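Colleague: I am new to this model. Please take one part of it and walk me through that part closely.

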Amino acid sequence: MNCKEFEKLIPDFFEDRLDYSSMKRFSEHIEQCDNCKEEVVIQLLVTEGVHRLEDGRAFDLQKELDRRLNRIKRKIRIHGNMIRIGIAMEIAAVCLLIGIFAWKLM
Ligand SMILES: [Zn+2]
């Protein structure tokens, strides 16, 4: 992903609307691109910071960003596991079918 594509995903990231593949590319890019990370921090400050200032609670920007990034990383991990489980179940189903088929032929 390049920086332009990344920028387009930032609003969806804030609204938690990234799909799995965008999430994955988003988190990969932010790890390696300081400019984009900075951009996210600034936008986070603008969108979240204003709300927080209004209700007077303390706002730790770095923590907030980490929290959000960890959330998508966790989702990516869970999704990856689901895919692996799905593949394993498919393989098991195919083996079962082959087993039944072979058993019928005997
Ligand atoms: Zn970038």
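Modeller: Let us take the metal site. Donors here are N, O and S atoms within 2.8 Å of the metal. Keep in mind that this is a predicted model.

The zinc ion has these protein donors: Cys3 through SG, His29 through NE2, Cys33 through SG and Cys36 through SG. They lie 2.0 to 2.3 Å from the zinc ion. Now the geometry. The angles among the four donor atoms run from 99 to 115°. Four donors count as tetrahedral if all angles lie between 85 and 135 degrees, so the site of the zinc ion is tetrahedral.

Next, the chain. The donors follow the spacing C-x25-H-x3-C-x2-C. Cys3 sits in helix H1, residues 3-14, and His29 sits in helix H2, residues 20-32. The pair therefore ties together parts that are 26 residues apart in sequence.

His29 has 7%, so His29 is buried. Cys3 has 33% and is partly exposed.

Exposed means over 50%; Arg17 reaches 53% relative accessibility, so Arg17 counts as exposed. The side chain of Arg17 also makes a polar contact of 3.0 Å with the side chain of Glu15.

Technical notes:
Residues are numbered from 1 along each chain as its sequence is written. This is a predicted model: local features need pLDDT of at least 70, side-chain atom pairs count only at pLDDT 80 or more; totals for chains, interfaces and linings use all residues. Side-chain values use heavy atoms; hydrogens and water are left out. Donors are N, O and S atoms within 2.8 Å of the metal (3.2 Å for Na, K and Ca); water is not among the atoms, so sites may look incomplete. Four donors count as tetrahedral if all angles lie between 85 and 135 degrees; four count as square planar and six as octahedral if opposite donors are over 155 degrees apart and all others between 65 and 115; anything else is irregular. Helices (H or I, at least four residues) and strands (E, at least two) are DSSP runs, numbered from the N terminus. Buried means under 20% relative accessible area, exposed over 50%, partly exposed in between (1.4 Å probe, protein chains only). A polar contact is a pair of N or O atoms within 3.5 Å; within protein, one must be able to donate a hydrogen and the other to accept it, and residues adjacent in sequence count only if both atoms are side-chain atoms.
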